[in-house]
Amino acid sequence: MQFMLLFSRQGKLRLQKWYVPLSDKEKKKITRELVQTVLARKPKMCSFLEWRDLKIVYKRYASLYFCCAIEDQDNELITLEIIHRYVELLDKYFGSVCELDIIFNFEKAYFILDEFLLGGEAQETSKKNVLKAIEQADLLQEVNYSLSLSLPHAVFMV
Amino acid sequence: MALKIVKGSIDRMFDKNLQDLVRGIRNHKEDEAKYISTCIDEIKQELKQDNIAVKANAVCKLTYLQMLGYDVSWAAFNIVEVMSSSKFTYKRIGYLAASQCFHEGTDVIMLTTNQIRKDLSSPNQYDTGVALTGLSCFVTPDLARDLANDIMTLMSHTKPYIRKKAVLIMYKVFLKYPESLRPAFPRLKEKLEDPDPGVQSAAVNVICELARRNPKNYLSLAPLFFKLMTSSTNNWVLIKIIKLFGALTPLEPRLGKKLIEPLTNLIHSTSAMSLLYECVNTVIAVLISLSSGMPNHSASIQLCVQKLRILIEDSDQNLKYLGLLAMSKILKTHPKSVQSHKDLILQCLDDKDESIRLRALDLLYGMVSKKNLMEIVKKLMLHVDKAEGTTYRDELQHTCNTKLCNCSTLILLRYISILVELTRLEGTRHGHLIASQMLDVAIRVKAIRAFAVAQMAMLLDNAHLLTGNMQRNGICEVLYAAAWICGEFSEHLEDPNQTLEAMLRPKVATLPGHIQAVYVQNAAKLFATVLRKHEGATDSQAAQETSQLLVERLPLFVQSANLEVQERASCILQLVKYIQKLQQKDVEVAEEVSALFAGELNPVAPKAQKKVPVPEGLDLDAWINEPPSESESEDEKPKAVFAKEETKHSRPRHTEVDEKELARRREARKQEQANNPFYIKSSPSSQKVYQDAPGVEHIPVVQIDLSVPLKVPGMPMSDQYLKLEEERRQKEKAEKKKKEKKKKREKHGKGKKHDSGPESEEDITPAHHVDIVTEEMPENALPSDDDDKDPNDPHKVYDIQGNLQDGSQVVVSVIFENKSDSFLKSMEFNVLDSLNSKLQRPEGAGPHDGLVVPFQLPPGVSNEARFIFSVQSIVMPQKLKGTLTFIVKSEDSSTHEKLDFKLHFTCTSYLITTPCYSDAYAKLLESGDLKSSSLRLEGVNMPFHHLLARICFHHHFSVVERIDSCASMYSRSIQGHHVCLLVKTADQTVSIDAKCDEPSLLGNVLDEIKQTFSQC
């Protein structure tokens, strides 16, 4: 997979993950072009399109479009599966996820994606394992948080 | 210390966190940019603080802003600071920010190596995990080299969580630092049998990706993968393995045979569509690569086609689409199997999804045979009527146009009516194509001419119905064909009078010039037919009426702004007036008028000329005149001026060029052109390189007899160079001979001892090259070859040549090619004058006014315009910046755009290839007025004659004399400077001693020569 984009029906980018090195300018250009192309498609149209020398696989969940770019020999259906799997993961993590969850916790959305895909390849096919890793990392984060907060608080109290 | 911490945390209470930022942005929809710029100021303040929590918060916010498209590269160092925090919370944010914002050009990346290494070996697996994840996004070749060993160690980590990440990231490392592949490969292979399924699947992933790039190295793993394929139940892994086999089979057909069985088993058993699809695709690929030697594969194909049928019949659009896509792959090798599902594919034409309809059309395109043609055409015609969506309709018409053309008369009749029907539809872009097909069919197939003419006459008669928006959609091109067919084959017309009338309607004047021209010409043909008809019926009244009609209508065309139309119209008008006079005297004129257009036009195959045998006794390569025996007649050896070398007279022999050699040269030239950035593929261009020319006779020599004087007298047409290679070579030979006859050459300037006419030579001006060096494209245009894909770069100036004229004028020919789909008009060419070089503008124009390009460009058309520059000093190269502005007219809008370019006037382009003979050359050098300079080129390993040919061609020199590996060369500038070279070669080293009466010109010419050889 070359990259993954999440954007809203209004064309606002909500998440981007690039697995190929590109300049910011190029990324912006691609994003703009793809968002336009995908949004222009009618709802009853199929989820695949050929774009430059890539294949674009996208799917709409509520108000969010999930859009992946894959190479010529890649399997479109498994890419759809990856998108769906990611949505399921988000759903499990946030508890019936909505666009706002991703907007306000965008870093979490990235953490989940990074546990699921690495360098554009699926690294963990078990949902349970992905969620477990995220939970444990979060736990570690909270320990850190409480430590960092507790110390100044204590001083402040004195 | 404590106080500082307290202060930090108090500040923090007033800081915005990410949520506040997001909320803020959502609340400031009107002035988002302003709000964000204040936020960025705040973030800059926060980053200045020592508190890492504050910094991390700031970096987190920056990551969000980066996604919104703001530049945050200035904070790269702060990101590194947050990455190095010992706390996981911050480290995680730091690495996230880095993976989103860093790219290969980020210079702080090199500061991170040690930090990443530390994190990779952290006892906490999540620290390691975060570092690996981040690294996968921003790994650079340097990082890959420095960290390859650390990551390799991690592949054997005790925790599968780390192992699988390490295995996956190795792929990125291999890409960036290929040397790491060899040492890491044994371990990677080991991971294929890792007890953890996640690690195993990661290893399969990596090897599959590697094998896709270079399958050969992974053939040895086939047995192992075969085992995995039969044992694994994980569909993700299976898909990857099957894909891997797909990459391997073309190299090892036996593997393919072995694969068919397990793959067909999987196709039968699996319920996962993604796996089924992958299997079907791989089976198709395997069968294509086997193609022969597989007796029993029809069963497998049948199975695939059956399964695909199920996919296509599915209500899920995605499966339908993929099914059709895979079908089209089968079609290439097994068309019969696909044809039996024609019904299903025709059904898909009714699908509500345009992309599916396009796929189905694509398939039909390949399925048409004589038998099913009529049925498919009928179905397609129904669709043309109701088709919605422009791409689809264009595709549809394209299919009808190109594919359905078959050879039986009946079909052609149908074909013509299809073409005619197609023209009735608005919005097609294929006007050109339809027109050329109509012409093609009408010219080639006598039997259908009558039918075609009748149809075309109808079209002409109804032209006004279409004219509304015809101009825009390109359908008017069809009228070009219609007018020509009706004129040429007018004997088939039922009512030529009416058609004639239709062709002379005032509305015609709104058509593009080239079509009007055809109208006028063919009106004359029709006129001849009508006259004959009337005279045959002795109806002189009617004949005179027809003449009167022409006399009335033609003046409209005489006033046309288009030269061609004007010229033809006025010519024909006078003719008709004369005929009218004769008619009034009751003279029969029809025979004579018809004689004007007598003779049948026969189609000639493009290669026909080649098949004409050369008459016996004609030797195309033989001299027509006796070659002058120049060197022998010279009684005195020229003195060696550059070096004290013994000079011998030896004329390079003329080498016969055989067919093979020609082909080889042509190939080499194509290669050369392909690598030349100034070339647009397969466009005719003047830039030719004679790498393989065997001797000096292939050095381009000025062409005299072809020159067509333009407004500036004595200027040769630059498209001389556009002639075919052979043709050109023939002519050169002839010219060379002419030149050699004028043995006693005159030279300008200082060696003025000779007598023959300088004036005649003055006019010989070779086409010189002034190449565009850099083209600054519009912002959204891609450089070089990708141009043709980019619709935003409608224009490409691809070749500029300069013709030099009488010492101060340079004529630059610019070829404009419209590579876009839009119509370009109102082009204005402007150049920023320098003190030395000025674009000559018409009187009354200001010094910054642009020149109007005297033509418009329909899509795909190219044309050439010439611009005259006056140049004062020619001793320095010059670059002039210029701009072309133009209006892009597309179907529903027009925009004003511009294209920047640079004109490069090299010193070489001021030189004229001027032959010079040894005695004159020696005298010139002896005169002692010349300054000398020299140049050494190392590592030039081309044959000496190639080297000379190159200097001659690229730098407009001529060889005066050549002795073994030493040659003297001469050229003259447009202002009469002499440039003399002595070129010697030994052991890949070329030394050039040069003399010229203008040292800086010489220096620049030498620099340019050096440049030429550094490029090869």
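Modeller: A residue is buried at under 20% relative accessible area, exposed at over 50% and partly exposed in between, using a 1.4 Å probe and the protein chains only. This is a predicted model, where local features need pLDDT of at least 70 and side-chain atom pairs pLDDT 80 or more, while totals for chains, interfaces and linings use all residues. Residues count from 1 along each chain as its sequence is written, chains are lettered from A and ligands numbered from 1 in the order written, and side-chain values use heavy atoms, with hydrogens and water left out.

Biologist: Is A:Ala62 buried or exposed?

Modeller: A:Ala62 sits in the loop between E4 and strand E5 (64-70) of chain A; helices (H or I, at least four residues) and strands (E, at least two) are DSSP runs numbered from the N terminus. Its phi is positive, about 50°, although A:Ala62 is not a glycine. Most residues other than glycine have a negative phi. With a relative accessibility of 69%, A:Ala62 is exposed.

Biologist: And what is the relative accessible area of A:Arg52?

Modeller: A:Arg52 also belongs to a loop, the one between strand E3 (48-51) and strand E4 (54-61) of chain A. A:Arg52 has a positive phi of about 50° too, without being a glycine. It counts as partly exposed because its relative accessible area is 45%.

Biologist: In what order do the elements of chain A run?

Modeller: Chain A has five helices and seven strands. Of its 158 residues, 57% are buried. Reading from the N terminus, the order is β-β-α-β-β-β-α-α-α-β-β-α.

Biologist: Now chain B: how many helices and strands does it have?

Modeller: Chain B has 1016 residues, 53% of them buried. Its accessible surface is about 47300 Å², with 52% from carbon and sulfur atoms; such areas come from the Shrake-Rupley method with a 1.4 Å probe, and for residues only the protein chains shown count as cover. Its secondary structure comes to 41 helices and 15 strands.

Biologist: What area is buried between chain B and chain A?

Modeller: Contact here means heavy atoms within 4.5 Å, and chain B puts in 65 residues against 63 residues from chain A. In chain B, B:Met67, B:Arg92 and B:Trp236 lose the most area to chain A, together 14% of what that side buries. Buried area is the accessible area (1.4 Å probe) that two parts lose on being put together, summed over both. Carbon and sulfur atoms give 58% of the total, which is about 6100 Å².

Biologist: How many salt bridges cross that interface?

Modeller: The rule wants a side-chain nitrogen of Lys or Arg within 4 Å of a carboxyl oxygen of Asp or Glu. One such pair is A:Asp138 and B:Arg92, with their closest N and O atoms 2.8 Å apart. Over all chains the search finds 39, and across the interface of chain B and chain A the count is seven.

Biologist: Which residue of chain A forms a salt bridge with B:Lys164?

Modeller: B:Lys164 lies in helix H10 (residues 160-176) of chain B and its partner in the loop between strand E7 (121-122) and helix H5 (127-157) of chain A, so the pair joins two chains. Both residues are buried. The closest N and O atoms are 2.7 Å apart, and the partner is A:Glu124.

Biologist: Which residues does A:Asp114 touch, leaving out those up to four places away in sequence?

Modeller: A:Asp114 is in helix H4 (residues 106-116) of chain A. It counts as buried because its relative accessible area is 8%. Its contacts are A:Lys17, A:Gln123, B:Leu96, B:Thr133 and B:Lys165.

Biologist: Within chain B, how far apart are the N and O atoms in the salt bridge of B:Glu564 and B:Arg568?

Modeller: These two are four residues apart in helix H32 (residues 563-584) of chain B, which means about one helical turn between them. B:Glu564 is partly exposed at 36% relative accessibility, and B:Arg568 is partly exposed at 25%. The N to O distance is 2.9 Å.

Biologist: Last one: how far is the C-alpha atom of B:Cys916 from that of B:Val959?

Modeller: B:Cys916 is in the loop between strand E10 (911-912) and helix H39 (918-926) of chain B. With a relative accessible area of 2%, B:Cys916 is buried. B:Val959 is 43 residues away along the chain, yet the C-alpha separation is 8.0 Å.
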